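Here is a short tour of a two-chain model, written for someone who likes to know the cut-offs behind each term. Have the viewer open as you read.

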Amino acid sequence: MPWNYSDKVLKLFMDAVKGETGTHMGELENPDGFGEHGSIVCGDTLRFTFRVERHPTDPTRDIITQARYLTFGCTSAIAASEALCILLEEQGKTPIEALQVSNQDLIDFLDGLPEQKIHCSVMGAEALQKAVADWASKRGVDLAELLPELAHGDEDEGRTVCNCFSVTEPYLRRKIKELGLQSIAEITNALKAGGGCTVCHHAPGGLQDLLDEIWGVKPVGQVEVAAPHTGEQLSPYRLGQQIETAIEAVVRPLLQDEDGDIELVDIKGHKIYCRLIGAANQSDAADQTFKLLVEQQLKDQVDDRLQVIAV
Amino acid sequence: MKNVYVDNNATTAIAPEVLAVMQPYLTSDYFNPSSMYDAARSSAEAIESARRTVARCLGDIDPDQIIFTGSATESNNAALFGTVQANPKRGHVITTTIEHPSVLEIGKELERRGQEVTFLSVDRNGELVLDDYVRALRSDTLVVSIMMANNETGVCYPVAELARIAKETDAEIVVHTDATQALGKLPVDLQDDLQHVDLLSFSGHKIHAPKGVGCLFVRRGTRWRPFMLGGHQEKGRRAGTENVPYIVGLAKACELAIAGVPDEQGRVRNLRDRLQKALIERIPAVEVNGKEAAVRLPNTLNLAFHGIEGEAILFELSRHGICASSGSACTSGTLDPSHVLKAMQVPFTAIHGSVRISLSRYNNQEDIERIIEVLPDIIARLRKLSPYWNDERNCLEI
């Protein structure tokens, strides 16, 4: 499908790739705040760093002066990273004020994002939150006290709901409420969860269950469970034993005399699948002769109904 | 700037020769081939002539076995659902994890409808393990559907041998193959090595005919029921007024494709090999997916770059007028990277950074040089932006 990015997204991306002056690609050394969101397994990562001008007495009045990012991701992920840095540097906010920058602010700054790319902006907001938390611990600021509603940190650890993108239940619960996500599609667009194998959509404790629980909808119905498959016919053990014995005693020595060999792959009913080695590099006719030789020996030794299939 | 089109496994340019033979049926000879008056005769004859041409191209087979459809996807649907319908007593299907969605999704649907489906996996080279296939065959196996060549990696599968093993196991097993990517690049002979194949699908738009026309070969005697009902066309095997101009175009494209196999195997292969070699020399940390496979389509080059994301690469290529595609999550409808590359266990650091370059008879040395000139720089620039790339040491760092 063709790209339907806004001009703003395209410009930010292209400037970043060209490394134009004024863009924010990079990683600050000894940053005052460091935050990373995503992973290479999931397909995008934002590593975000910022520096502040330190207030001599009150760390909560530090002002963000410099923001940098390194991003592994698509066009819009890189543009959203640029947007985040521009917003922060332009506005001269304190880290705590910066927490007010939401993914919606990034989307607005970018003149919109395609729905399935909303997660790129969420990634920006998440990395920022982590970086601010890092700054707070370095500067001895107690964020939990100042902003109790943001004190989640380690609480995002927990049961994994979406295995494809390693998304945990606590994180999902928090983001579903924070972003007001109403459907599985909205969750996938914003958080990527459920965008892979889709098993977690309707599994017990899966995305639909979480949505129902959070928004108070009753489960619509049970997902049907496939009936277990009943076993197929067994291969005749005795026959298999006899075939193996015959191969060892008669067929293999015969083939080895001709610089060949045989490898038994499988037996199904009276059909014997084997790899005839050494007959290779010869003509198709020679292959055929080899096969017939083996087949005749096994018929003579074991059972007249046996058939050899070369694999 | 002229575009360099290297996405020929997605679709191809219409050949001028194809357009020329279609023209009369788009203008003066617009009649319904089923009509009785004299004027409609040429339309009806054009279809039968096209059928003979296609039959000749597939190994000089009896033309009655050729059914024209709307696409390869339709052909695959007709092949598989039609076979299941005609054989209600059997309940097992064998296919692979690397099929095109038009087979893979049917496999999943058949599973939901109560069939048992074995999806054979592939190894790191993208190849099937023959022993797994042998072990998968069962007394109630109904159909085996395995593609001739993969659209993403170009890895080819030994369909002739797989079909023979199936038939030697049980003559009633129906063998289907999707030959969409193979036709015109590999020999396709239904009387010779593919004599055990019962159903074969392909489409027009991968061989320089327009989109919207396909073909299904159904070997005489195959237990199969029509999928599209509602008319007597194609002897009742595919209802719907025949798309005369496109069918005529498809036949011409088939002729050109068969004649073009030596060019694909020679000149196009050399272009691809030159491109592959040059890019590997210039770009560190890149995987060539399917490189070690015994047989690979001569026109396809699937690369996976460590530490960067495929959509951003495509975007940059596009700005330089180069049209390619990617197995990256960001370019598909889902958020997952390509099911084919996943099945091949492409490393997680590279699977998001894949790019597919697929050539055709219309590509030349100049196109290749353009890509060689542009792509290494794009990769380097995107890696500068990536947190997983150490620019000083020029290597991946996690």
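## The parallel strands of chain B

Strand β3 (residues 92-96) of chain B runs parallel to β5(B), and 3 bridges join them. Strands here are DSSP runs of E with at least two residues, helices are runs of H or I with at least four residues, and both are numbered from the N terminus; two strands pair if DSSP finds at least two bridges between them. B:His92 has B:Thr141 of β5(B) as its bridge partner.

β5(B) also pairs with strand β6 (residues 174-178) of chain B, in the parallel sense and over 3 bridges. Together with helix α6 (residues 159-169) of chain B, β5(B) and β6(B) make a right-handed β-α-β unit (with the strands pointing away from the viewer, the path from the first strand over the helix to the second runs clockwise).

Why is strand β5 (residues 141-145) of chain B largely enclosed by the rest of the structure? Because 5 of its 5 residues are buried (20 or more other C-beta atoms within 10 Å of the residue's own, with C-beta atoms placed from the backbone; exposed is 12 or fewer, partly exposed in between).

## How to read the model

This is a predicted model: local features need pLDDT of at least 70 and side-chain atom pairs count only at pLDDT 80 or more, while totals for chains, interfaces and linings use all residues. Residues are numbered from 1 along each chain as its sequence is written, and chains are lettered from A and ligands numbered from 1 in the order in which they are written.

Leaving aside residues up to four places away in sequence, B:Ile247 touches B:Ile47, B:Ala50, B:Phe68, B:Val213 and B:Glu242 (a contact means C-beta atoms, placed from the backbone, within 7 Å).

## A hairpin in chain A

Strand β6 (residues 261-268) of chain A and strand β7 (residues 271-277) of chain A run antiparallel, joined by 7 bridges. A:Leu264 has A:Cys274 of β7(A) as its bridge partner. The hairpin has 2 residues between the strands, and A:Gly269 takes a positive phi near 60 degrees.

Note on methods:
Contact = placed C-beta atoms within 7 Å.
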